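Please study the sequence and the model before reading each solution.

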Amino acid sequence: MLKIISCAGFGNTGSSVVTDFFSEFSAIKVVGGSSFEFSLLHENDGIRDLEYAIVEGNRLKIDLAIKRFKKLINVLNYHNPSGPNYKDYFNGHFIEYTEDYLKSLGVISWKNGWWHRIFEVFPEDRIQNLVKARKFNNILKKSNYGLYETNSWRPSYSGFSTQYYACLSKDEFKNKTRIYLKRLFLELANDDEFLLFDQLFPVNVDTEYLEYFDFAKVILVDRDPRDLYFMNKVFWGSGYIPTENVEIFIDWFKLTRTNVNFHDNILKICFEDMIFDTEKTQKRLCDFVGIDINNHDNPNTYLFVEKSITNTQVYEKVELLDEEYSVILQHDLEKIANELIDYLYSFPILDNSQKNTKKQKLIIEKVYNEVRNRTSFEFLIRIQVVCKCCISKIVRRIKRVYDR
């Protein structure tokens, strides 16, 4: 039986720490590492949305759902915006197997379909029909059309496009989908192996997602909100994390964790646990997915705890910024600590060897002075706050950004 493992985060919360850990097991094949996300199940217009439309049976909604799904698989295959293209995986069979999947769902189509949203997904069809409509009107002007109509009605051209329909029960849809995904994933592994995908399931995964597989385990990874806020505010600038306003960040943080489900096949850990309680957390992960910890045959080849520790308690480096900005951020961090108290991680006390040095203070001040006057974070600054990189290396990186 093919065993599926997935890790998922809430947005820069460190789910790659799980990917890195399981990459050190020869018995587990990690598909694409943390750089490849198989999001076809939960992405907008993906399999879950397709199921909802087909099972509900609304004839017009189904047409849109199938068209959007067909467009999505082409985007993912050739121009995946969130990582490597799908065509580089599954031995080149992604499109072929997905088209076979649609046929197995009993999808029918006809060329001369029409309704008021017929061109919504593929605007190129609308353009073609505008050309045809112009030709029609030119011909009509030259014709001898002269029927008496009280409301001055004249014939007009109605555009046409391929229209789709299918209808299945929930159980039928899930069975067909299970066959499709197994066929696709067996291109990557034998039937008795573990496959790990990053972000295969959303963080609010429910049991219906897991019914697409015979065996599936999901590991959710969260991290201290103070670190998440500080790193995005000062370094990452990721637009999907709202750190321009601390109040909105707090609301967003709470809301994104509201509908998280837990049952036997879902495990939640903290990113910090993999750093400060490594042995226990790794054993917990192995027991959860059903693999012997003794099969951890390539330790310290992907996951480096001594380096990852620099990604924890980063918010304490707020004092290294210039005084004015430091005061503002310190106020934000205090508000987060008060209003998100249930999500705070209880950090151990670090020894002196892990404290900031004068050189590290110079580094972070240099970085901040370079970016503080930028009007927006149009780029990501991937520089560790407490890394041991020399200042000249950081300056070269920033210079390359400005030279673009």
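Rings of Phe, Tyr and Trp (its six-membered ring) count as a pair if their centres lie within 6.5 Å. The model used here is predicted.

**Exercise 1.** State which residues form one aromatic cluster.

Solution. The cluster consists of Phe36, Phe38, Tyr86, Tyr89, Phe90, Phe94, Phe185, Phe197, Phe201, Tyr209, Tyr212 and Phe213.

**Exercise 2.** Determine how many aromatic pairs the whole structure holds, and classify the pair of Tyr101 and Phe173.

Solution. Step 2: the ring centres of Tyr101 and Phe173 are 6.4 Å apart, with 70° between the planes. Step 3: planes over 60 degrees apart count as edge-to-face, and the pair of Tyr101 and Phe173 is therefore edge-to-face. Step 4: Tyr101 belongs to helix 4 (residues 94–104) and Phe173 to helix 6 (residues 170–185), so the pair ties together parts 72 residues apart in sequence.

**Exercise 3.** Decide whether Tyr101 and Phe173 are buried or exposed.

Solution. Buried means under 20% relative accessible area. Tyr101 has 2% and is buried; Phe173, at 0%, is buried as well.

**Exercise 4.** Describe the pair of Phe276 and Phe347.

Solution. Step 1: this pair is edge-to-face, at 5.9 Å centre to centre and 85° between the planes. Step 2: Phe276 lies in helix 10 (residues 273–276), while Phe347 lies in the loop between helix 13 (323–339) and helix 14 (358–371), 71 residues apart. Step 3: Phe276 is partly exposed at 23% relative accessible area, whereas Phe347 is buried at 15%.

Technical notes:
Residues numbered from 1 in each chain as written. Predicted model: local features only at pLDDT ≥ 70, side-chain atom pairs only at ≥ 80, totals over all residues. Heavy atoms only, no water. Phe/Tyr/Trp six-rings, centres within 6.5 Å; stacked < 30°, edge-to-face > 60°. Helix = DSSP H or I, 4+ residues; strand = E, 2+ residues; numbered from the N terminus. Buried < 20%, exposed > 50% of the residue type's maximum accessible area, 1.4 Å probe, protein only.
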